[in-house]
Amino acid sequence: MAFLRLWTGTTASGLAMWALPFVLGLAVLERSITAVELGVVLATRTAGFLAAVPVAGVLADRHSRRGVVFWSCVTAAVATPVIAVGMGRSLLLMAVAATIVGAGQGACRPAFQALVAEVVPESGRQQANAAITLAVRVMSLVAPSMTALASLLVDARALLALTGVVWLCAALVPPAGTAGPAPISTRAGFVADFVEGIREARRHPWFLAGLGALTVVIATGYSASAVLLPVVSRDRYGAEAVLAAATTAYTIGALAGAALIARWRPRAAGWVALAGLGCYGLIPLCLLLPVHPFVLIAAYAVTGIGIELFNVPWFTATQREVEPGKLARVSSLDFLLSYGLAPVGLAFIAPAVDQFGVSAVLGGCAVICFAAPAAAALVPSSRGFRARA
């Protein structure tokens with residue numbers, strides 16, 4: 001029952017996170033906001049997310065993880081309808097509200113990760129993480145459709161208010177964890193606490209190697225896919241249908257990967273996970289080569305499987321190997337680097353294409369996506385994502 005409540009809360013937060021960009025997109029279609037305003041709001045939301053993640057990591061290790069989840073989700077719940085208030089009136093108000101929403105989203109991530117370790121026994125965490133990632137992937141498929149259907153009945157302002165209610169559900173439903181805050185006498189300053197989390201991460205070579213590989217893959221492979229798939233779909237195949245099919249295949253593949261890893265316990269779990277991460281190189285490779293569209297779509301499906309073969313063991317190993325009192329800080333470092341460098345990669349792809357050409361960029365991204373996980377696998381403890389090789 002405790003995990004069901006945690007799963008429901010995590011799913012609700014995922015639904016709210018995925019719904020917001022689509023609701024704002026509908027607002028553009030309604031002419032409630034402009035495309036420029038949409039870009040500003042989404043950018044400030046990302047800035048709030050990145051600013052809050054390290055703060056939340058420290059707070060979730062100092063205080064109740066359940067409390068951090070509650071206040072972060074309540075913050076997002078209160079700020080989301082304020083975006084609606086600013087529509088057509090004040091871009092500044094929308095941007096400030098979006099920053100606060102992003103902060104709530106960022107703050108709940110490391111706290112939810114640490115809460116899994118408190119609620120679920122070690123033997124069941126891989127299945128628990130798989131169930132959570134299944135819910136997240138389902139939300140990525142369902143949220144756009146639900147938003148589009150709801151838009152037939154109400155406008156974007158009402159949908160933003162409804163998204164706030166979903167955030168409130170995420171705040172209220174999760175169960176209490178088992179760990180209490182550290183005694184006040186042992187607490188250092190915020191910066192010292194965060195640095196202590198970095199030291200804990202450095203104690204695990206497999207973690208540093210895997211995080212480095214993940215960050216590089218997201219900054220190159222993910223960014224190249226996001227920027228260049230629409231271009232290739234239009235110019236090579238002459239249809240946006242390839243774009244839709246590829247992105248859908250990725251999500252379906254991720255669902256299959258999560259279902260597979262929920263029960264599979266490979267002996268060299270770390271190597272399997274890194275091999276799955278390396279599958280991301282297939283996307284820029286197939287975007288580079290003049291392959292049949294079904295080959296490109298299949299590459300996206302395989303990559304989706306691979307990313308969950310990485311994600312679930314990665315989260316499970318972090319919850320198992322990292323000292324419990326520092327888990328939220330180490331998780332925040334994970335989210336900060338892997339998610340934080342994604343916008344940087346997106347910003348550099350287009351200028352790199354202008355400078356070096358599409359083929360050079362895609363070829364370079366493919367090589368990096370294959371090489372980075374392979375290099376991480378050379379670290380002895382990466383074989384099983386354990387302190388001992």
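A: A residue is called buried under 20% relative accessible area, exposed over 50%, and partly exposed in between, with a 1.4 Å probe and protein chains only. By that scale Gly-25, at 25% relative accessibility, counts as partly exposed. This is a predicted model, in which local features need pLDDT of at least 70, side-chain atom pairs count only at pLDDT 80 or more, and totals for chains, interfaces and linings use all residues. Residues are numbered from 1 along each chain as its sequence is written, and side-chain values use heavy atoms, with hydrogens and water left out.

The nonpolar patch on the surface is formed by Val-55, Leu-59, Phe-190, Val-191, Val-195 and Ile-198, which together have about 430 Å² of accessible area. Such areas come from the Shrake-Rupley method with a 1.4 Å probe, and for residues only the protein chains shown count as cover. Nonpolar side chains (Val, Leu, Ile, Met, Phe, Trp, Tyr) are joined within 5 Å, and like charges within 9 Å.

Helices are DSSP runs of H or I with at least four residues, numbered from the N terminus. Two of them, α2 (35-62) and α7 (190-202), each supply at least two residues of the patch. The most comes from α7, with four residues. Phe-190 is found in helix α7, and its relative accessible area of 34% makes Phe-190 partly exposed.

Conventions:
Patch = residues over 30% accessible without salt bridge, like charges linked within 9 Å, V, L, I, M, F, W, Y side chains within 5 Å. Salt bridge = Lys/Arg side-chain N within 4 Å of Asp/Glu carboxyl O.
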